[in-house]
Amino acid sequence: MARPIEFVMDINDSKDLWKIVVRCRHLWTVRSSSNKEHLELILLDSKLDMIQAIVPSHLVSKYVGDLAVGASYIMQNFKVSNNDFSFKSTTHGYKLVFCGSTYVKKTELPEIPIDYFNILGLASIADGKFQPNVLVDVVGGVTEILQTQINSDNNKSKFVFMITDMSKIVVQCTLWGNFALQFYEYYKNHGEDVNIVVLLQNARIKAAKGGFPLNVSNAWSGTKLIINDISNVEIKKLKDSLNAELPKLSSSSLQVETTQTSQYSDFDKFIWKAEVISLAEIAMLKQETTCVTIAKLEKFEVGNSGWYYDGCAECTKSVAVKDGKLKCYANHISSEPVPRYKLEVLGVDGKFKSRFVFWDSDCFKLIGKSALQMKNELVEAGEDNPLEFPFGLDAMLKKELAIRAVFQPKFNRLSVISFEDDEDSRKKVKDTFKSHEDVSKIPISLASSQDDMKSLSEPLSVFADFDPNAANSVMTPCKRINPEASEDVESVQLSSTKTMKPEKKEDGR
């Protein structure tokens with residue numbers, strides 16, 4: 001007897017043998033930090049429930065020819081896991097991962113709508129009735145152009161405008177990168193006196209914070225931008241209702257910033273998209289957060305590993321023997337491992353303490369010698385104990401630094417991205433710290449070193465560097481970090497509103 005058809009809303013991790021009939025609502029490709037590409041798709045069933053699915057890179061060639069946006073399918077047999085991404089494209093509690101036995105059969109299913117959008121109205125957005133970690137569909141008519149910054153050479157383009165809908169609520173919208181270029185080209189090439197309605201599928205909403213207003217923007221992967229397509233029901237409906245009220249936007253008056261140089265100071269770059277907070281405030285964080293803080297390096301934390309790891313000769317990832325060869329996660333082959341720093345240091349600010357993980361390049365800057373040099377000096381001195389911490393490492397200690405790092409509550413530690421050791425930077429960071437009513441009431445909690453051996457089974461964001469094949473990924477930094485900014489960590493995530501890249505670093509995994 002064949003298995004019955006089941007509904008998306010019923011999917012859970014109690015079994016893998018789910019059989020569903022769905023339409024592919026959205027499909028996109030994601031390149032991971034290990035330079036592999038996998039597919040991500042949103043599946044919709046006849047009850048209009050959605051679930052996200054992932055085709056791992058090693059299976060892309062098997063399924064890519066069968067999958068298309070708008071097509072409907074019978075699908076069965078998946079690996080099911082928690083939908084624990086930092087930014088979710090559906091509210092379903094689980095996601096599906098294709099495996100070798102996943103079955104996909106194209107079939108006509110007219111009961112599932114082809115163009116389905118789960119639109120969140122601007123009134124709800126303005127009232128705060130949204131989940132900040134869930135991507136939504138937003139449609140709006142453009143009422144005003146605020147800023148246009150086009151720089152196709154480095155993907156730092158930005159287009160800022162205001163949108164409204166039938167509620168007459170006005171919300172700011174910012175498009176970044178290729179989405180800004182797409183909007184700019186449409187605006188520039190469609191003559192004088194046009195009015196524009198846009199639909200963002202899988203848009204991110206950022207609540208007003210500090211001096212930044214409530215804002216709708218694209219995510220870096222998974223977002224789809226539709227402009228003035230009257231074949232789209234949502235766009236036509238809004239365009240018909242607002243056509244007389246939307247202003248005519250003249251392309252001749254478009255003011256474009258085309259500067260090729262950064263408008264930000266070094267300190268602005270250092271604190272960009274980070275919470276500038278003290279160790280006392282970091283102790284209260286409940287989720288992964290990019291932070292800039294001040295700490296004096298007090299002592300090394302001795303855990304289950306030593307002061308270095310065996311790295312790849314071509315990159316900074318760790319290596320292991322695979323198929324009789326020494327390989328890293330990126331499958332580079334090395335004749336012998338290269339020692340690379342990984343040091344855990346207790347940082348102190350007054351009476352508050354936190355554990356910091358410093359990676360190879362930052363350790364080199366602080367110590368002045370590479371891990372290979374340091375290990376060779378030990379060998380020359382007749383010391384072959386890999387757990388011997390060389391005295392030269394102490395050059396890192398007693399330094400007070402301004403540190404940019406990712407706080408990881410799972411391990412209760414901060415993974416360092418970069419640091420500044422000049423007095424001016426330290427003063428600016430301290431001046432930016434938020435005030436406390438009574439920091440003495442904040443508990444100090446330091447996880448044991450054994451906590452560090454726990455691994456995260458999957459990264460937290462589907463929109464950047466999730467590599468389903470990287471089973472050994474043990475650390476996932478915050479969503480707001482660019483992978484080029486911190487390759488000390490194997491799997492990182494892109495900000496949906498990134499406008500710049502911090503200094504490139506190594507991957508210590």
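Is F389 buried, partly exposed or exposed? F389 counts as partly exposed, at 25% relative accessibility. The legends below describe close-up views of a predicted model.

**View A. Aromatic residues of helix α3.**
The structure holds 12 aromatic pairs. Helix α3 spans residues 177–189 and carries both residues, which are four residues apart, about one turn of the helix. F183 and Y187 are both buried. Together with F159 and F161, these two residues form one aromatic cluster.

**View B. The tilted pair of F300 and F389.**
The ring centres of F300 and F389 are 6.3 Å apart and the planes stand at 40°, so the pair is tilted.

**View C. Charged side chains over phenylalanine rings.**
K95 places its charged end over the ring of F85, at 4.3 Å from the ring centre. In a second example, the charged end of R413 sits over the ring of F411, and the distance to the ring centre is 4.7 Å.

**View D. Cysteine residues.**
A disulfide is a covalent bond between the sulfur atoms of two cysteines. The structure holds zero disulfides. For C312, the closest cysteine sulfur is that of C315; the two sulfurs are 3.8 Å apart, which is too far for a bond, because a disulfide requires sulfur atoms within 2.5 Å. C312 is buried, and its relative accessible area is 0%. Another cysteine, C99, also counts as buried, at 15% relative accessibility.

**View E. An open sheet of three strands.**
The strand order is β17-β18-β19, and the pairing is antiparallel. At the edges are β17 (319–322) and β19 (333–334), each of which pairs on one side only. Strand β18 covers residues 325–328 and pairs with β19 in the antiparallel sense over two bridges. K327 has I333 of β19 as its bridge partner.

Technical notes:
Residues are numbered from 1 along each chain as its sequence is written. This is a predicted model: local features need pLDDT of at least 70, side-chain atom pairs count only at pLDDT 80 or more; totals for chains, interfaces and linings use all residues. Side-chain values use heavy atoms; hydrogens and water are left out. Buried means under 20% relative accessible area, exposed over 50%, partly exposed in between (1.4 Å probe, protein chains only). Rings of Phe, Tyr and Trp (its six-membered ring) pair if their centres lie within 6.5 Å; planes under 30 degrees apart count as stacked, over 60 as edge-to-face and the rest as tilted. A charge sits over a ring if NZ of Lys or CZ of Arg is within 6 Å of the ring centre and within 35 degrees of the ring normal. Two strands pair if DSSP finds at least two bridges between them.
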